[in-house]
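Hi there,

Here is the structure I promised to pass on. Have a look at it first, and my notes follow just below.

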Amino acid sequence: GTVVWTRTEIGDYLGTLTGAFISGKTISFQGGSLGAPTTLMRVLTGLNVDSIQVITNLGSSGADTVLNQSSIEIRVYL
């Protein structure tokens, strides 16, 4: 399916796809073009199987530019 991305605030994105992100069976890989930023992706377990959250920072502040020219791969194992 196609994940629908929504920016919820600076450096915070919510990806939704109904029933797609099974707890304990979802893994992500991300890469970026910038050397210094911290990029964190976590699966929101315990809320529902419909959402993942991507949080990006430059130092200790949220930043929208961290994901420029980068990729995100999400795998769900059944």
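Let me start with Y77, which sits in the segment after β7 (71-76). Please keep in mind that this is a predicted model. Y77 has a relative accessible area of 44%, so it counts as partly exposed. Together with I27 and F29, Y77 makes a nonpolar surface patch of about 280 Å².

Next, the charged pairs: the structure holds 2 salt bridges. One is formed by R7 and D64, whose closest N and O atoms are 2.9 Å apart. That pair links distant parts of the chain, with R7 in strand β1 and D64 in the loop between β6 (61-62) and β7, 57 residues apart. R7 is partly exposed at 47% relative accessible area, and D64 is partly exposed too, at 29%. The other salt bridge joins R75 to E73, with the closest N and O atoms 2.5 Å apart. Here again both partners are partly exposed: R75 has 35% relative accessibility and E73 has a relative accessible area of 36%.

Strand β1 (residues 4-9) also runs antiparallel to strand β2 (residues 12-16), and 5 bridges join them. T6 has L14 as its bridge partner in β2. The hairpin of β1 and β2 has 2 residues between the strands, and G11 takes a positive phi near 75° there.

Finally, a look at T26, in strand β3 (residues 26-31). Its relative accessible area is 17%, under the 20% cut-off, so T26 is buried. The T26 side chain reaches the backbone oxygen of I22 at 2.9 Å.

Best wishes

Technical notes:
Residues numbered from 1 in each chain as written. Predicted model: local features only at pLDDT ≥ 70, side-chain atom pairs only at ≥ 80, totals over all residues. Heavy atoms only, no water. Helix = DSSP H or I, 4+ residues; strand = E, 2+ residues; numbered from the N terminus. Buried < 20%, exposed > 50% of the residue type's maximum accessible area, 1.4 Å probe, protein only. Polar contact = N/O pair within 3.5 Å; in protein donor to acceptor, adjacent residues only side chain to side chain. Pairing = 2+ DSSP bridges. Patch = residues over 30% accessible without salt bridge, like charges linked within 9 Å, V, L, I, M, F, W, Y side chains within 5 Å. Areas by Shrake-Rupley, 256 points an atom, 1.4 Å probe, with all protein chains shown as cover. Salt bridge = Lys/Arg side-chain N within 4 Å of Asp/Glu carboxyl O.
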